[in-house]
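Please read them with the structure open.

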Amino acid sequence: GKLLGSAFAAAALALSAAPPAKAQNNVLRVVPQTDVKVLDSHVVSVQVTKIFALMVQDTLFAWDYKLGPKPQMVENWAASSDKLSWTFTLRPGLKFHDGSPVTSKDVIASIERWSKRDVIGQRLATYTAGWSAGDDRTFTLKLKEPYGFVEFSLGSAGGQMPVIFRENDAKTDP
């Protein structure tokens with residue numbers, strides 16, 4: 001017991017005295033469990049497509065380990081006192097892979113497309129009176145009646161993911 005404790009203490013001391021590892025310029029190559037056949041996460045809900053989507057796209061919110069929604073692309077948001085109007089502002093500097101800025105129009109087109117296929121999106125759509133863009137970073141969701149799962153829905157990871165596409169891509173048939 002005492003010898004083993006001394007060995008652990010010596011190992012801990014040696015590790016704590018070791019210099020920090022230097023960052024290396026290595027390429028991480030990942031082989032998914034299957035081929036990615038569909039890149040559109042609004043169309044399918046297979047895991048390999050979701051993994052791909054989260055490597056190249058983002059969502060307005062994401063679920064934490066307790067399934068609580070946390071902001072991703074959203075910088076701030078607020079609901080009106082009657083909970084019928086939700087205003088969101090995107091984080092500054094968001095860009096697509098081609099360098100074009102992410103705008104409110106991209107978000108609205110993407111969420112409307114997603115909500116035609118996904119169960120959670122369809123549920124949100126039944127409460128939705130409309131979406132509108134205020135400016136390039138600000139958009140508003142108007143509801144017909146209060147719905148307590150707005151942020152949760154916009155961070156959905158259960159079915160098709162509400163990732164944000166460029167407006168022209170989001171206007172394709174879901």
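Predicted model: local features only at pLDDT ≥ 70, side-chain atom pairs only at ≥ 80, totals over all residues.

1. The protein chain holds six helices and six strands. Along the sequence the order is α-α-β-β-β-β-α-α-β-β-α-α.

2. **Burial and surface.** The protein chain has 174 residues, and 34% of them count as buried. Its accessible surface is about 10900 Å². Carbon and sulfur atoms contribute 57% of that area.

3. Four strands form an open sheet in the order 3-4-6-5, with antiparallel pairing. The edges are strand 3 (74-79) and strand 5 (128-133). Each has a single partner strand, so one side of each lacks a neighbour in the sheet. On average, neighbouring strands are turned by 15 degrees against each other, direction ignored.

4. **Strands 3 and 4.** This pair is antiparallel and has five bridges. It forms a hairpin, with five residues between the two strands. Look at Lys83 in the turn: its phi is positive, at about 65 degrees. Within the pair, Trp77 has Phe88 of strand 4 as its bridge partner.

5. **Strands 4 and 6.** Five bridges join these two strands, again in the antiparallel sense. Which residue of strand 6 is the bridge partner of Phe88? It is Phe139. Is strand 4 mostly covered or mostly open? Mostly covered: five of its six residues are buried.

6. **Strands 5 and 6.** Strand 6 spans residues 138-143 and runs antiparallel to strand 5. Five bridges hold the pairing. Thr128 stands opposite Leu143 of strand 6.

7. **Helices on the sheet.** Helix 3 (residues 104-114) packs on the sheet and touches strand 4 (85-90), strand 5 and strand 6. Its direction makes about 155 degrees with that of strand 5. Helix 4 (residues 119-127) also packs on the sheet, touching strand 5 and strand 6. For helix 4, the angle with the direction of strand 5 is about 95 degrees.

8. **Burial of helix 3.** Why is helix 3 described as largely enclosed by the rest of the structure? Because nine of its 11 residues are buried. Among them are Val107, Ile108, Ala109, Ile111 and Trp114. The buried set also includes Ser104, Asp106, Ser110 and Arg113. The cover over these residues includes strand 4, strand 5 and strand 6. It also includes helix 4, helix 5 (150-154) and helix 6 (167-170).

9. **A nonpolar patch.** Ile51, Met55 and Val56 form a nonpolar patch on the surface. Together they have about 300 Å² of accessible area. Met55 belongs to helix 2 (residues 47-56). Is Met55 buried or exposed? Met55 is exposed, because its relative accessible area is 60% and the cut-off for exposed is over 50%. As for spacing, an α-helix has 3.6 residues a turn, so residues three or four places apart point the same way.

Note on methods:
Residues numbered from 1 in each chain as written. Heavy atoms only, no water. Patch = residues over 30% accessible without salt bridge, like charges linked within 9 Å, V, L, I, M, F, W, Y side chains within 5 Å. Areas by Shrake-Rupley, 256 points an atom, 1.4 Å probe, with all protein chains shown as cover. Salt bridge = Lys/Arg side-chain N within 4 Å of Asp/Glu carboxyl O. Buried < 20%, exposed > 50% of the residue type's maximum accessible area, 1.4 Å probe, protein only. Pairing = 2+ DSSP bridges. Axes fitted to C-alpha atoms, helices over the stretch in contact; angles between N-to-C directions. Contact = heavy atoms within 4.5 Å.
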